[in-house]
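Student: I have a structure to go through. Take me through its pockets and a pair of packed helices, please.

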Amino acid sequence: MPELPEVETVRRGLAPVMEGTVITRAEVNRPDLRWPFPPQMAERLNGQRVVQLRRRSKYILADLLSGESLLIHLGMSGRMLISGDPPGQFAHSHPMPEKHDHVVLHMGNGARITFNDPRRFGAMDLLQTAAADQHKLLSQIGPEPLGNAFNEAHLIAALQGRRTPIKAALLDQRIVAGLGNIYVCEALYRAGIHPARKAARISARRIAALVPIIRQVLIEAIEAGGSSLRDYRQADGELGYFQHRFDVYGREGLPCRTPGCPDAITRIVQSGRSSFYCRRCQR
Ligand SMILES: [Zn+2]
């Protein structure tokens, strides 16, 4: 499942071929994904210039000249493919339509942007750009982890009195936007905080230290995604999924990477999802 760095990588890959370019034709091959598409989606996209491509949490927003924005959510298995003959450098040959090509945007510069999603947990919607914050998928979301509103004071206040494990609190999108299982595990390892520790029982000093750590974990992953974009011509054509080196995620039984620590990484299940951590380094 794509997390914030993967979505940001997709946005960065799409921006050069979409921003400033007209959607000459939108091909909508089914009525819905996770939810029904908005009425007349193709007609509302046809002929629209993409002003800019933004990201909010794990959603991509293509702001159109019409005053509407196209919201794109990759869901569990969604992929964006760039093909055709765009001027950018990320084009990939994808000549024949595939089974799960649900929406294809034919761009004025020759690019074809294909949304492919076998499991159909993804979503697309159209909303008023000026009222984007009130959209049902966006209205409950907390501050962006890489923005100024996500700071020490915010996190300390948000976790105060919370009896839930810190892992669950950081996955709560109202506290911070876009964090998922992988990067929460990584951030807690770097912060030396046990994933099952109750949020309210962590000192303000340690919570404050989490803020720059969360930022750094995400920035490093976004940089890894940027490298994958540069290698895109050799890749299999999908934007946004990349190999990244994790310290704890997926490393059950492997040695802890903290110098001098003899322990191995442990996996526990919290709320149905795996948490990876070091019993010695995280308290
Ligand atoms: Zn350790």
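Tutor: This is a predicted model, where local features need pLDDT of at least 70, side-chain atom pairs count only at pLDDT 80 or more, and totals for chains, interfaces and linings use all residues. Residues are numbered from 1 along each chain as its sequence is written, and side-chain values use heavy atoms, without hydrogens and water.

Student: How does the lining of the second largest pocket divide by class?

Tutor: Into four nonpolar, three polar and two charged residues. Ala, Val, Leu, Ile, Met, Phe, Trp, Tyr, Cys and Pro count as nonpolar, Asp, Glu, Lys and Arg as charged, and the others, Gly among them, as polar.

Student: Which residues line the second largest pocket?

Tutor: Met1, Arg34, Trp35, Ser57, Lys58, Tyr59, His73, Leu137 and Gln173. The volume is about 180 Å³.

Student: What lines the largest pocket?

Tutor: The lining includes Met1, Lys58, Gln173, Tyr249 and Arg273. By class, six are nonpolar, three polar and three charged. The space is about 210 Å³.

Student: Why is H5 called oblique to H6?

Tutor: The axes of H5 (residues 181-191) and H6 (residues 204-230) cross at roughly 130° and come within 9 Å. Angles under 35 degrees count as roughly parallel, over 145 as roughly antiparallel, 65 to 115 as roughly perpendicular, and the rest as oblique. Therefore H5 is oblique to H6.

Student: Which residues make the contact?

Tutor: Contact means heavy atoms within 4.5 Å. Among them are Tyr183 and Leu188 of H5, and Leu210 and Ile214 of H6. By class, the contact has ten nonpolar, one polar and four charged residues.

Methods
Axes fitted to C-alpha atoms, helices over the stretch in contact; angles between N-to-C directions. Helix = DSSP H or I, 4+ residues; strand = E, 2+ residues; numbered from the N terminus. 1 Å grid on protein atoms, 1.4 Å probe; cavity = no way out; pocket = protein on both sides within 12 Å on 5 of 7 lines; lining within 4 Å. Points joined across faces, edges and corners; volume = space filled by probe spheres on them.
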